[in-house]
Amino acid sequence: QLQLVESGGGLVQPGGSLRLSCAANGFSLNYDAIGWFRQAPGKEREAVSCITNSGGSTNYPESVKGRFTISRDNAKNTVYLQMNDLEPEDTAVYYCATFAGSGYVCPQLVRLTDFGSWGQGTQVTVSS
């Protein structure tokens, strides 16, 4: 089963930073657009970023714009999410997933069903 593996989560104080990694377990990510998502307790899973296969285009919701940066290293088959100036509201399990559509675009309207190869997620807790 094709699956992504997220890592890098942890406990951080408000205003702190974390870098999450998303690696592929036995397949190449190089042709796919990749999305990062998060799900807080009692809330729906929401998109926090997307990057196209070349890394040439990214998008973010307003809630994280200017604080989160998505990037990728195709030579390492890994996608990253740099999170700065973290807030308690960023506390969630973070997931990455592959976009089932073209790798050259990130969808403007995100539907979870358009993404696959979900990993187990990595917990991010922002608390003092």
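Which residue in the turn between strand 5 and strand 6 has a positive phi? That residue is Gly55, with a phi of about 85°, and the hairpin formed by these two strands has six residues between them. Before going further, I note that this is a predicted model, in which local features need pLDDT of at least 70 and side-chain atom pairs count only at pLDDT 80 or more, while totals for chains, interfaces and linings use all residues. Residues are numbered from 1 along each chain as its sequence is written, and side-chain values use heavy atoms, with hydrogens and water left out.

Strands here are DSSP runs of E, at least two residues long, numbered from the N terminus; two of them pair if DSSP finds at least two bridges between them. Strand 5 (residues 46–51) is joined to strand 4 (residues 34–39) by five bridges, and the two run antiparallel. Strand 5 also pairs with strand 6 (residues 58–59), again in the antiparallel sense, over two bridges.

Now to Arg38, whose bridge partner in strand 5 is Glu46. These residues also form a salt bridge, their closest N and O atoms being 2.7 Å apart; the term requires a side-chain nitrogen of Lys or Arg within 4 Å of a carboxyl oxygen of Asp or Glu. A second salt bridge connects Arg38 to Asp90, at 2.8 Å from N to O. That pair links distant parts of the chain, 52 residues apart. Both Asp90 and Arg38 are buried, meaning under 20% relative accessible area with a 1.4 Å probe and protein chains only, whereas exposed means over 50% and partly exposed lies in between. Glu46 is partly exposed, at 35%.

Note on methods. Helix = DSSP H or I, 4+ residues; strand = E, 2+ residues; numbered from the N terminus.
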